[in-house]
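Keep the structure in view as you read.

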Amino acid sequence: MKPKQKILESSFALFREKGFQATGIAEILDKAGAYKKTLYDHFKSKDDIGFEYLNYLSEQQRVVMLKVLAKANNMSDFIEKWVNFIVRNQRNTSRKDCPIALFSGEISHLSQFDAYRNKAVHHVLETVETCILNFSPNLKPELVKALSYELYMSYLGGLRLYALTKDRKVIERMKSQMIASAERVVKS
């Protein structure tokens, strides 16, 4: 594996495990088995690695949604499978929440991340729109956009509440709310 990739993978693992603020450059270098010079050959600062992390997270969301989309029969089935995948994935981490929201919450006071955070969120929203259009290609653009926001807000809120309560019923309610939203918009 190339040094840059080692640094990124080590950083991403530490950010997931400990958070961005609690991860130091020395830890990243130690985990990657790299030298400070190597890190600075590829990145100006830890912030640059954070920018890469946001891009990575939004692309991972896209990959997951498109894989789920390929297996879904309709919009309700897509939502069901997407949420189930996310919840299964949550079992493997101590930090239960949407990774983009979790990371964004940590860096919300750092203005240098604003454009990258917005880009990541819009990338995910565009992917949700792609999934909606797959099942409802004739839906008006403003309805597609509104539904993508509604689904993503339900997803974010549901995962946050689940992270706080650890109550599995929250996930079922989130899923039901998302499906009801999709059915309501598609029927209109």
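Rings of Phe, Tyr and Trp, the last by its six-membered ring, count as a pair if their centres lie within 6.5 Å. The model you are looking at is predicted.

The C-alpha trace spans about 60 × 35 × 30 Å along its principal axes. Of the 188 residues in the chain, 43% are buried. Now take the contacts in the chain with a separation of 6 or more: residues 24 or more positions apart account for 66% of them.

Back to the rings. A pair of aromatic rings is described by the distance of the centres and the angle of the planes. The count here comes to 15 aromatic pairs. Take F15 and Y53: their ring centres are 5.3 Å apart and their planes stand at 70°, so this pair is edge-to-face. The pair links distant parts of the chain, for F15 sits in helix α1 (residues 3-18) and Y53 in helix α4 (residues 46-71), 38 residues apart. Both F15 and Y53 are buried.

F51 and Y116 show another arrangement. Their ring centres are 3.9 Å apart and their planes are at 5°, so the pair is stacked. This pair also links distant parts of the chain: F51 is in helix α4 and Y116 in helix α7 (residues 114-135), 65 residues apart. F51 has 12% relative accessibility and counts as buried. Y116 has a relative accessible area of 32%, so it is partly exposed. K46 lies over the face of F20, at 4.4 Å from the ring centre.

Next comes the interior. In soluble globular proteins, nonpolar side chains tend to be buried together. The largest nonpolar core in this model has 57 residues. I49, F78, I79, W82 and F103 have the most contacts inside it. Which helices each supply at least two residues of this core? They are α1, α2 (25-32), α4, α5 (75-90), α6 (99-107), α7, α8 (141-165) and α9 (168-187). Helix α4 gives the most, with nine residues. The core draws at least three residues from each of domain 1 (1-43) and domain 2 (45-187).

Leaving aside its neighbours within four places in sequence, F78 is in contact with M65, V68, L69, A72, C131 and F135.

Finish in helix α8, where A163 lies. At 16% relative accessibility, A163 counts as buried, because the cut-off is under 20%. A163 and Q90 are 73 residues apart in sequence and 9.4 Å apart in space, C-alpha to C-alpha.

How values were computed. Residues are numbered from 1 along each chain as its sequence is written. This is a predicted model: local features need pLDDT of at least 70, side-chain atom pairs count only at pLDDT 80 or more; totals for chains, interfaces and linings use all residues. Side-chain values use heavy atoms; hydrogens and water are left out. Rings of Phe, Tyr and Trp (its six-membered ring) pair if their centres lie within 6.5 Å; planes under 30 degrees apart count as stacked, over 60 as edge-to-face and the rest as tilted. Helices (H or I, at least four residues) and strands (E, at least two) are DSSP runs, numbered from the N terminus. Buried means under 20% relative accessible area, exposed over 50%, partly exposed in between (1.4 Å probe, protein chains only). A charge sits over a ring if NZ of Lys or CZ of Arg is within 6 Å of the ring centre and within 35 degrees of the ring normal. A nonpolar core is a set of buried Ala, Val, Leu, Ile, Met, Phe, Trp, Tyr and Cys residues joined through side-chain atoms within 4.5 Å. Domain bounds come from an automatic or database domain assignment. Contact means heavy atoms within 4.5 Å.
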